[in-house]
Amino acid sequence: MPTTGATIQPPAAPLGHQECQVLQAVGCGLRDDEIAACLGIPEDAVAGHLARILARLGLRDRAAAIVHAFDCGVVTPGRGPRGRATSPAPPPAARRASGPRLQISMLGPLRAWRDGRPLDLGHLRRQAVLTTLALCPGRTVSQQELLDSVWGEEPPNTNVIPVYIYRLRKILHAEGSPDPAIESDRHGYRLLPGAVTVDVARMEELAGAAGAAERAGDLAEAVRVCSQALDLFRGEPLAGLPGPLAELERLRLTERRVVLVQRKLDWQMRLGRHTEPIAELSALTVAQPLNEPAAAMLMRALYLSGRQADALTVFDRTRRRLAEDLGVDPGPVLRRTHQMILRGDDARLGRAGTAQ
């Protein structure tokens, strides 16, 4: 593996030409004798260069030098040292014409696939670092932001972020591709734009399309597309991942799912499909017994399906839970729905929305 023919200047420190070559070779995993043979210099000269590299870059040992070589772009995983190209490289758009081959799913336990093959992402902290990058599409994330997002107020004693990024690059890298999945510069790290698909972004695209269908008056299409968005959820989002960011996103995405469920079921009600939402609404009100809009919608669905007694039971159950848990009476939506059921106001109960 040649290491000559390129002058790579890592941005972090002023290294000489031969020191850069040695750093390249070290990053590729070559031993001192192999480096000496490649560069045509004595083996003790290689050791001297390496000692100066460690001192100038403030690195602890050879392993840290390897990580630094990957981190600053001197070496790309699976590609050996990066030198001057002998022919023009195809533009990024052409290289990725077939679309992203890396998929990341966060609407459940974190998962990743390369060309349909599942990837082993390693331990939870490393997964949390990848999650932070995936939740910031198109944006560079600094080391400090990664530390705050994953460790919060208890950061590690050592600078582990470059090591985690190095490992993630190796895991995510596509064999034969010149591009790493994770880019780095002096400001931090980011997932390569266009190289990765993330299910959270896809879910939001579908939710937006469902809203557009509603505004166009096509409620059946809105239900269909919203169902596709909900099918992306595979359980608790980011289940088990540590860190403040994962916890916040877990709560946000869980609430996002509830909102989408309620929108879909309300559209079904407005289409006159009153019995279809009952099972999902029953499960939702069990999981969230204080969710008054969901309880009101379930009452409407039950009443319009000929189950008035069951609808009134839902009201009584929800009223008791509100009093016991929060010390409050039912809100206006729930009270109004209750009164319409008692009056037998089928017309208003069948109209759009829950706030009748």
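Analyst: S149 lies in helix α7, which covers residues 143–151; helices (H or I, at least four residues) and strands (E, at least two) are DSSP runs, numbered from the N terminus. This is a predicted model, in which local features need pLDDT of at least 70 and side-chain atom pairs count only at pLDDT 80 or more, while totals for chains, interfaces and linings use all residues. Residues are numbered from 1 along each chain as its sequence is written, and side-chain values use heavy atoms, with hydrogens and water left out.

S149 has a relative accessibility of 12%, and therefore counts as buried; buried means under 20% relative accessible area, exposed over 50% and partly exposed in between, with a 1.4 Å probe and protein chains only. Setting aside residues up to four places away in sequence, S149 touches T132, G243, P244 and L245, where contact means heavy atoms within 4.5 Å.

Helix α10 spans 219–231 and α11 spans 244–270, and A239 has its place in the loop between them. A239 is partly exposed, with a relative accessible area of 26%. Leaving aside neighbours within four places in sequence, A239 is in contact with G108, P109 and R250. With R250, the C-alpha to C-alpha distance is 7.6 Å across 11 residues of sequence. L238 is found in that loop between α10 and α11 too, but L238 counts as buried, at 0% relative accessibility. The phi angle of L238 is near 55 degrees, a positive value in a residue other than glycine.

The axes of α10 and α11 come within 9 Å and cross at roughly 155 degrees; axes are lines fitted to C-alpha atoms, for helices over the stretch in contact, and angles run from 0 to 180 degrees between N-to-C directions. That angle is why α10 and α11 are roughly antiparallel to each other (angles under 35 degrees count as roughly parallel, over 145 as roughly antiparallel, 65 to 115 as roughly perpendicular and the rest as oblique). The crossing is left-handed, meaning that the near helix is turned anticlockwise from the far one by less than a right angle. From α10, the contact uses L219, A222, V223, C226, S227, A229 and L230, and from α11 it uses R257, L260, V261, K264, W267, Q268 and R270. These residues divide into nine nonpolar, two polar and three charged; Ala, Val, Leu, Ile, Met, Phe, Trp, Tyr, Cys and Pro count as nonpolar, Asp, Glu, Lys and Arg as charged, and the others, Gly among them, as polar.

V129, beyond residues up to four places away in sequence, touches L146, V150, W151, I161, Y164, I165 and L168. As for helix α1 (residues 17–27), nine of its 11 residues are buried, C20 and V22 among them.

On the strand side, Q103 lies in β3, residues 102–105, and counts as partly exposed at 38% relative accessibility. Past its neighbours within four places, Q103 is in contact with R111, A112, W113 and T197; Q103 and W113 are 5.2 Å apart, C-alpha to C-alpha, and 10 residues apart in sequence. D115, in the loop between β4 (111–114) and β5 (117–118), has a positive phi near 55 degrees and is partly exposed at 46%.

Stepping back, the protein chain has 16 helices and eight strands, and 46% of its 356 residues are buried.
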